[in-house]
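Here's a quick briefing on a ligand site and the residues around it. Have a look at the model first, then go through the notes below.

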Amino acid sequence: MKILVINGPNLNLLGVREPGIYGRETYDSLLEKITAHCTACGVEVEFYQSNHEGGLVDAIQGALGTADGIVINPGAYTHTSIAILDAAKAVALPMVEVHISDVRKREPFRSVSYIRSACLKSIVGHGTDGYLEAIDFLLENADEG
Ligand code: DQA
């Protein structure tokens, strides 16, 4: 089983950006944490991060035939991007949406998620552990995509 973990804009600045909301863990240490979890679960993992909407669309398209599931935190594009939603629907891979913060308890515009309707599950407000929960969920449910 191979999982692609996609992160959108500004998530490369984890640890630096608004630590009161997103915590002090850096993007690199997040990747190490996910890699360790996947190794322990016997899952192959690949990472992609971009600050550009088209890059995220390309990464989702590229997962077709190369990954068995996707964990995605589209960052702010969650709330705006029909292109990312359409890419997710096009590849129809099992997908879980993750948000580090609890987007339901922030500004009202953060409660809108275009990608949600293409995902088997949304995990919000569990900090970076949400990525590990998403991987566990895909391991148990990847057949349903
Ligand atoms: C985020 C929440 C988004 O609203 C925000 O734009 C992000 C990060 C999260 O992980 O909590 O960039 O997706």
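**Thr 78 and its surroundings**

Leaving aside residues up to four places away in sequence, Thr 78 touches Glu 97, His 99, Val 112, Ser 113, Tyr 114 and Ile 115. Keep in mind that this is a predicted model.

*Where Thr 78 sits*
- You'll find Thr 78 in the loop that runs between β3 (69-73) and α4 (82-91).
- Thr 78 counts as buried because its relative accessible area is 1%, and the cut-off for buried is under 20%.

- Val 112, one of the residues touching Thr 78, belongs to the loop between β4 (95-99) and β5 (121-124).
- With a relative accessible area of 40%, Val 112 is partly exposed.
- Together with Ile 82 and Tyr 114, Val 112 makes a nonpolar surface patch of about 250 Å².

*The ligand site*
- Which residues surround the ligand? They are Pro 9, Arg 17, Tyr 22, Asn 73, Gly 75, Ala 76, His 79, His 99, Ile 100, Ser 101, Val 103 and Arg 110.
- His 99 turns up here among the residues around the ligand, and it is also one of the residues that Thr 78 touches.

- His 79 puts a polar side-chain atom 2.7 Å from an oxygen atom of the ligand.
- For Arg 17, an N or O atom of the side chain is 3.0 Å from a ligand oxygen atom.
- Ala 76 takes part through its backbone, with a polar atom there 3.2 Å from an oxygen atom of the ligand.
- On its own the ligand has 320 Å² of accessible area, and the protein covers 99% of that.

Key:
Residues are numbered from 1 along each chain as its sequence is written. This is a predicted model: local features need pLDDT of at least 70, side-chain atom pairs count only at pLDDT 80 or more; totals for chains, interfaces and linings use all residues. Side-chain values use heavy atoms; hydrogens and water are left out. Patches are made of residues with over 30% relative accessible area and no salt bridge: like charges are joined within 9 Å, nonpolar side chains (Val, Leu, Ile, Met, Phe, Trp, Tyr) within 5 Å. Accessible areas come from the Shrake-Rupley method with a 1.4 Å probe; for residues, only the protein chains shown count as cover. A salt bridge is a side-chain nitrogen of Lys or Arg within 4 Å of a carboxyl oxygen of Asp or Glu. Helices (H or I, at least four residues) and strands (E, at least two) are DSSP runs, numbered from the N terminus. Buried means under 20% relative accessible area, exposed over 50%, partly exposed in between (1.4 Å probe, protein chains only). A residue is near a molecule or strand if one of its heavy atoms lies within 4 Å of it. A polar contact is a pair of N or O atoms within 3.5 Å; within protein, one must be able to donate a hydrogen and the other to accept it, and residues adjacent in sequence count only if both atoms are side-chain atoms. Contact means heavy atoms within 4.5 Å.
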